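Biologist: I am new to this structure and would like to learn how to read some of its features. Could we take them one at a time?

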Amino acid sequence: MSQVLRIGIAGLGTVGSALLHLLEDNGDEIADKTGRGLSVTAVCARNRNVDRGVDVSGYTWFDDPVGLAESDDVDVLVELIGGDEGPARACVEAALSRGKSVVTANKALLAKHGASLAKLAEANGAGLSYEAAVAGAIPIIKTLREALSGNRVSRIFGIMNGTCNYILTRMEAEKISFADCLADAQRLGYAEADPTFDIGGHDTAHKLAILTSLCFGTEISFDSIYLEGIDKITLADIEAADQLGYRIKLLGVAQQTETGIEQRVHPAMVPKTAAIAGIDGVTNAVAIEADKAGSLMLSGPGAGGAATASAVVGDLADLARGQRVPVFGKPAEGLQPYVRAGMRLHEGGYYLALEIADKPGVLARIATLMAEAEISLQSVVQHREIEQENGKPLRAQPVIIITHETTESAVRAALERIEADDSVLGTPKMIRIEKLS
Ligand code: HSE
């Protein structure tokens with residue numbers, strides 16, 4: 001083992017540049033804590049001539065990340081390229097197969113290949129660390145993998161995409177359009193290169209897939225996640241939620257049920273009184289329900305260069321101290337097959353927003369259709385008129401229905417019949433209400 005831990009960084013975007021800054025700013029303090037210096041020896045990026053606000057001329061430059069991973073001057077590869085295939089996967093595999101540890105922020109790579117990469121790492125005596133891949137600066141991986149080893153987790157849920165939470169928070173607070181909020185999130189460096197990954201829920205789903213494996217000891221199953229993004233959430237939904245005592249958040253949820261593990265990402269109404277409802281802006285939060293530890297919630301910055309670089313350095317410090325634990329908290333060969341609980345079996349309350357013709361008997365007919373699906377209604381609010389035409393209200397009336405706890409299949413069956421009714425205009429909107437104490 002060399003005196004200093006020699007680091008090769010593949011990818012010098014927002015996080016890579018922030019990592020160089022962090023090591024420059026706090027390098028002495030980190031060496032003091034770990035008893036060993038962290039020294040960047042080599043870097044790799046697509047373009048050498050970009051002003052990153054940091055001098056990279058002192059590091060060996062590689063155009064090819066696999067060459068960087070294989071370099072004799074690199075003990076640990078930090079992979080910050082992103083993407084679930086291509087150069088990111090190639091350099092991670094090159095490092096692990098040579099017994100070199102890898103630190104990565106790449107949730108997409110882990111969500112797709114986590115189990116096989118964990119096996120490769122363990123077979124070659126290398127570490128694979130990924131605190132930065134989920135919820136930025138929040139130490140959720142360490143918490144689940146190490147601190148909560150003595151627990152059975154029943155549910156994990158969280159706000160794990162800063163861009164979505166920033167958009168929903170600003171829409172609510174400032175009544176700003178979805179598009180303007182998204183443009184600001186991109187300008188501030190929160191959003192992914194392709195922001196549809198954020199707003200479509202894929203980014204949250206990648207993170208959830210990793211947490212599910214850690215919580216339940218199962219193989220990662222990204223494709224089993226039920227997925228809905230926030231792109232259809234309107235200011236009207238946010239205002240209706242507010243009036244009913246809820247806020248709308250994009251949640252990633254994994255929970256143990258009688259039939260298997262439910263994994264879902266969707267906008268959810270959360271009571272304003274719940275702790276997670278108070279998580280605003282780019283902040284992330286992850287809540288865990290465990291049999292011995294009880295209910296915990298960790299919150300903090302979930303995106304941005306410095307916050308993510310902080311998590312990378314936490315992993316590097318562990319490696320510098322010689323600490324290594326199994327990638328998913330137990331030997332990779334022992335991960336159990338994932339058993340999916342179908343979304344139609346999901347149980348909870350529902351918010352339904354309908355536009356109905358303003359004529360006698362329509363509400364009664366809708367209530368009957370709900371009753372025939374064995375859905376009990378908690379409240380029905382016939383809302384103020386929201387659309388005007390030539391200064392006159394349209395004959396359509398928005399109606400908001402909140403159901404008692406029921407099943408997804410009952411709600412879908414009822415909505416199918418409601419949508420087919422002549423008095424219902426357009427497609428009804430459905431938002432799940434998350435059961436929180
Ligand atoms: N685009 C992500 C977010 C960044 O908005 O949270 C970290 O994954």
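Biologist: Leaving aside neighbours within four places in sequence, which residues is G245 in contact with?

Modeller: This is a predicted model, and in it G245 is in contact with V270, P271 and K272 once the neighbours within four places are set aside. G245 itself is found in the loop between α10 (235-244) and β9 (246-256).

Biologist: Is G245 buried or exposed, or something in between?

Modeller: Buried means under 20% relative accessible area and exposed over 50%. G245 has 29%, so it counts as partly exposed.

Biologist: What about G136: where does it lie, and is it buried or exposed?

Modeller: G136 lies in the loop between β6 (128-129) and α5 (140-147). Its relative accessible area is 2%, so G136 is buried. Beyond four places in sequence, G136 is in contact with E131, P301, G302, A307, T308 and A311. The C-alpha atom of G136 is separated by 22 Å from that of F216, 80 residues apart along the chain.

Biologist: Where is E374 placed, and what is its phi?

Modeller: E374 sits in the loop between α12 (362-372) and β14 (377-382). Its phi is near 60°, a positive value in a residue other than glycine. E374 is exposed, with a relative accessible area of 71%, whereas A135 is buried.

Biologist: Which residues touch the most other members of the largest nonpolar core?

Modeller: That core has 82 residues, and I140, I210 and L211 touch the most other members. Helix α9 (residues 202-216) gives the most to this core, with eight residues. Apart from this core lies another, of 32 residues, among them L23, Y59, A105 and A309.

Biologist: What is I140 in contact with, leaving aside its neighbours within four places in sequence?

Modeller: I140 is in contact with E131, V134, A135, L211, V286 and I288. A135 is the residue with the positive phi.

Biologist: Now a polar side chain. Where is T169 found, and what lies by its polar side-chain atoms?

Modeller: T169 is found in helix α6 (residues 162-174). A polar atom of its side chain lies 2.5 Å from the backbone oxygen of N165. The backbone nitrogen of G281 lies 3.0 Å from a polar atom of the T169 side chain. Leaving aside neighbours within four places in sequence, T169 is in contact with R247, K249, D280 and G281. At 12% relative accessibility, T169 counts as buried.

Biologist: Which side chain does that of S221 meet in a polar contact of 2.4 Å?

Modeller: The partner is S224, joined to S221 side chain to side chain. S221 has its place in the loop between α9 and β8 (226-227) and is buried, with a relative accessible area of 16%. Not counting residues up to four places away in sequence, S221 touches Q263 and Y338.

Biologist: How is empty space found?

Modeller: Rolling a probe the size of a water molecule over the atoms shows where empty space is left. Here there are two cavities of 30 Å³ or more. The second largest cavity holds about 40 Å³ of space. Its lining is made up of S224, Y226, E262, Q263, R340, A341 and M343. By class, that lining has three nonpolar, two polar and two charged residues.

Biologist: How many residues line the second largest pocket?

Modeller: The second largest pocket is lined by 17 residues, of which E228, K232, P428, K429 and M430 lie nearest its centre. Its volume is about 430 Å³. Strand β19 (424-433) and helix α13 (408-420) each supply at least two residues of the lining, and the largest share, six residues, comes from β19. By class, the pocket lining has seven nonpolar, two polar and eight charged residues.

Note on methods: Residues numbered from 1 in each chain as written. Predicted model: local features only at pLDDT ≥ 70, side-chain atom pairs only at ≥ 80, totals over all residues. Heavy atoms only, no water. Core = buried A, V, L, I, M, F, W, Y, C linked by side-chain atoms within 4.5 Å. Buried < 20%, exposed > 50% of the residue type's maximum accessible area, 1.4 Å probe, protein only. Helix = DSSP H or I, 4+ residues; strand = E, 2+ residues; numbered from the N terminus. Contact = heavy atoms within 4.5 Å. Polar contact = N/O pair within 3.5 Å; in protein donor to acceptor, adjacent residues only side chain to side chain. 1 Å grid on protein atoms, 1.4 Å probe; cavity = no way out; pocket = protein on both sides within 12 Å on 5 of 7 lines; lining within 4 Å. Points joined across faces, edges and corners; volume = space filled by probe spheres on them. Nonpolar A, V, L, I, M, F, W, Y, C, P; charged D, E, K, R; others polar.
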